Amino acid sequence: MVGWNIWLFVLAVFTVKSSAREFICDMEVGWMGISFEKRIYDADVVVHVLVINHFPLEDELAQDFPFSYKAEVRVLCILKGGVLPSSINVTNIGTEDCSFTRIPLFHEYILLLQRNAKGELEPFEPNMHPAALRISSPNVVNILTVCGTEISLPHDVSFIDSSCSQWNGTAVTPCVGGASSVHLSMSSLLMYSVLVLLTNICIVQ
């Protein structure tokens, strides 16, 4: 009975923390959005992958974010990013307070990645947009309309499998640049509100 009470207490704490996190993150969403094309344009790497393993993080981030992890993924097709092997690690998944990127095992995703200061690949999540998109997402068909995207295979794969061949013939010209979106952060809204308030005070005086 004591064991069940402890388990229920831990579950309740986690639920409260998760709910609080969702509320805080929702409150921070003060943006008009970043277009899918802009996110692709700004990402360092865009790949079609199959998630094959999860590993715990081994640095100080693991203490602050106990549900964070590193994932090993099989690269099925490279859509942006140059030369890559057929197996890569994506680190620091879930190490942002408002990260919504989730990549469960044995699922296929389009991953938007960035290289950190150590040269490691990690999720690219501008303004809290998740870095993982399901293959069935309607936005996926627009990837190769973005400048800088190009279909290629991992350097250690010598054949085009069905996962990569599905992208053939979908590139377009002219391509879409990175200025095709509107991004307005909460801090920008706050600064704008302060400026409006100060202006009104000056006018009244």
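Trainee: What should I know about the model before we start?
Mentor: It's predicted, so local features need pLDDT of at least 70, side-chain atom pairs count only at pLDDT 80 or more, and totals for chains, interfaces and linings use all residues. Residues are numbered from 1 along each chain as its sequence is written, and side-chain values use heavy atoms, with hydrogens and water left out.

Trainee: Why is Met128 called buried?
Mentor: Buried means under 20% relative accessible area, exposed over 50%, and partly exposed in between (1.4 Å probe, protein chains only). Met128 comes to 16%, so it counts as buried.

Trainee: And what makes Phe106 exposed?
Mentor: Its relative accessible area is 61%, so it passes the "over 50%" mark. Phe106 also has a positive phi, near 65°, though it isn't a glycine.

Trainee: How do you know that Arg39 has no salt bridge?
Mentor: A salt bridge needs a side-chain nitrogen of Lys or Arg within 4 Å of a carboxyl oxygen of Asp or Glu. For the buried Arg39, the nearest side chain of opposite charge is Glu37, 8.4 Å away, so no bridge is counted.

Trainee: Why are β1 and β4 called paired?
Mentor: Two strands pair if DSSP finds at least two bridges between them. β1 and β4 run antiparallel with 6 bridges, so they qualify.

Key:
Lys, Arg positive; Asp, Glu negative; His and termini not counted. Helix = DSSP H or I, 4+ residues; strand = E, 2+ residues; numbered from the N terminus.
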